Amino acid sequence: MRSDKKISAGQLMLMLFLARIMHTMIFKASHSASGAAMMLGLLCSTAVEAVLAIPAVWYFSAGGSDPVKEISGKYSSAVRFLYSAYFAVIAGGTVALFAEFLASEFSKVTPPIVAALLLMLAAAYCACLGIEGLARAATVVFWMFAVLFGLMAAVNEGGFDLLNLRPFSPEDSGSFWDYFTESLSSGWWLPMFCVLAVHLRKGAVKAAYGYLALKFVTLETLLLLVTIVLWRYVDVIGYPIFALGAYAKTDFIERFDAINMLIWAINCTLVLGIYLYICSGSFKRPKPAALLFAAAAAAFGIVEYKNGLRFDQPWFLGFKLAGVALLGVVLPSAAAVKLLIKRSAAK
Amino acid sequence: MKKLTILLFAFAAMLLCGCEAGEVQRRIVVHALGIDPLGDGYEVSYQVFSGGTSSEQGGPVDASESTVVTLLAQGRTLYETEESLRLRTGKEVFMGDVELIVISDELKDADLTEFLRYFRIADIYLGVNVVYCRGSAGDLIGQKLNQGSATALLLKGVVETAIDRDRACSSRIIEISNTFSDGGSAAVIPVLSLEKEGGKSEDSTVTDVTLGVFESLLITKDGFAGEIGEDAAMGIRLLRGDASEMSLEVEAGEGIAAVELKNLKIKRKISIDGGAPLLKVAIEGIYDVRSAQEGVSEDEISDAAEKQLLYLCAQGFEALKSSGKDFIGLGKLLEKYEQGYALRQNGDFGGAIEGLWASVEAKLKKY
């Protein structure tokens, strides 16, 4: 793994945020839930993530350089491969959901599989540019997304119906637990953080908790808008951010669909590039490795898309949660304990 | 390598050019839809711009009134009518620019949810209003009026003015769809009517019909549930709490005054009183006198305007009770203020409406 300190805390925070928001962009709402239950679910899952992040954040703040090397020594290649395999599957799932989104919303434009292959090719190229290039691009893409999101919220034509925000009742507990689990299983920023923070100049706390705050505020705002403006129509359209754009227009922008599509495609390329960078970064020849993982992730994604497999199916939820727990919590906890013991022995 | 990269980017940029100059001409851009029954299916009137010489040559589309034409297509489903139009014209039908959808009242019992599903698939903007009309929707769209041809923009303007002045309820696709998703609810959909003006000259340059929204239909997922007049529609806006400005003509003392109500603030609360729900509505706002007959005092105008608001609410309340359908968001109010009672209703608020009481207060201040 290349361990040169190249990126700032803000850049890492934005890379983690874009990966999370990509998942929200292509997440298709499959069931109705009251806004309060979902908002509470997000609050609780964010609180749990904040606690789960403590070992990794402490490890880097205390001067640790690489938790994988710390814990596995000469077997670090094998452990790094676990990260590579995990993020190859996550990249495949992202491509599959993006293809599904294209098929459902832009069926007349480009065949989804062709688009998925092109995206993966572009992402492999991005991964080859290295962490600095990805981090700089993340800042640009973040501002593109922020302006789009702010504009769609500001010019939304819907009226606010605060009665939609009904209080949490025992009947909502099922929706609460569903959303809580889904939100927690989308916490693969923890393993991402463990790999990418190796390149961090300083500010592990700022990167991790800044990300959590940014994610929390953005997603709660989205859930609030969905609840009090769009209500059940989100179930019809399926994609919450897309639905927000579907009910917004200005004098000079009649439809937000095309702008949404452009920014989502750019973000998808960047986020896949980050995943492929994580997959290939530990290899001696990262460029061919990035292409190899891109091919593997594309193949997995296309099979997943063609067979209708979904990110929110129980086996996938389990896989994602297991990865978060093992690679994002257990491994950095062990590294933190080892670092602590090493320091105590040195004293 | 650098040259190759630049070439690749240049090639990609060429792909981003999107439409070639003539592509717009291979599409029919629809601005209004009129839906009428025809046997077991429908006859749909598509109001489109016919284009002009400049647009045929790749220039801007001529959107003046003289280029508006109405194309008719028949089919068993709305999709089939669109397909029929596509086949007969050899052009793609583009619905993203639709401004208004008019449905004949002969279709008031038809399944509106099916129509809504089609509008979504056809990519019609969610903020487009759906209205009914008396008689043929196709005739209405193709009508010559005092104001000019019944273009989509003119029809839309008439509907939106009625909604903005709180004389009709908003009936956007998203609003109707959300209303139907909340069990037991009814949508209040304006009826766009042509009215004959009596006593006009026989001068061929003067037409004797005008357009307006004077009544509304109550539509549920299961079909037609009743019809109401303009006063009841205004009352519903007040009971819903979404009225903001109104113009009223009131009988004050010995004369008549025209007042403009602005900045209406409506607070609603519901409680269970003696086992039955009691809806409390408090209306506050300011008024401005536009004209008043001589001898009418300010106090009399203020009293009369407040009484008029109570009268309108009574009309809306009567419509609510007689239809038995929740079109004022009663279910949501109960879920917020009386959750236990709401849960016992199990999503059906027909019983709650039957036993419902209302208490309305109106307080107006001079602008």
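This is a predicted model: local features need pLDDT of at least 70, side-chain atom pairs count only at pLDDT 80 or more; totals for chains, interfaces and linings use all residues.

Reply: Residues are numbered from 1 along each chain as its sequence is written, chains are lettered from A and ligands numbered from 1 in the order in which they are written, and side-chain values use heavy atoms, with hydrogens and water left out.

Me: What makes residues of chain A and chain B count as in contact?

Reply: Contact means heavy atoms within 4.5 Å. By that rule, 25 residues of chain A are in contact with 26 residues of chain B. The two chains bury about 2,200 Å² between them, 51% of it on carbon and sulfur atoms; buried area is the accessible area (1.4 Å probe) that two parts lose on being put together, summed over both.

Me: How many salt bridges are counted between chain A and chain B?

Reply: The count is 0. A salt bridge requires a side-chain nitrogen of Lys or Arg within 4 Å of a carboxyl oxygen of Asp or Glu.

Me: Which domains does chain B have, and where do their bounds come from?

Reply: Chain B is assigned domain 1 (25-221) and domain 2 (237-367), with bounds from an automatic or database domain assignment. Their contact takes 16 residues from domain 1 and 15 residues from domain 2. The domains bury about 1,300 Å² between them, 41% of it on carbon and sulfur atoms. B:Arg165, B:Asp166 and B:Leu218 supply 43% of the area that domain 1 buries against domain 2, more than any other three residues. Across this interface there are 3 salt bridges.

Me: Why is the pair B:Arg165 and B:Glu260 called a salt bridge?

Reply: The closest N and O atoms of B:Arg165 and B:Glu260 are 2.8 Å apart, and the limit is 4 Å; the pair therefore qualifies as a salt bridge. B:Arg165 also meets B:Glu245 in a salt bridge (2.8 Å, N to O).

Me: Why does B:Glu245 count as partly exposed?

Reply: Buried means under 20% relative accessible area, exposed over 50%, and partly exposed in between (1.4 Å probe, protein chains only). B:Glu245 has 31% relative accessibility, and therefore counts as partly exposed.

Me: What makes A:Lys215 and A:Glu49 a salt bridge, and are these residues buried or exposed?

Reply: Their closest N and O atoms are 2.7 Å apart, within the 4 Å limit. A:Lys215, at 0% relative accessibility, counts as buried, and A:Glu49, at 1%, likewise counts as buried. A:Lys215 lies in helix H10 (residues 204-230) and A:Glu49 in helix H2 (residues 35-52), so the pair ties together parts that are 166 residues apart in sequence. Helices (H or I, at least four residues) and strands (E, at least two) are DSSP runs, numbered from the N terminus.
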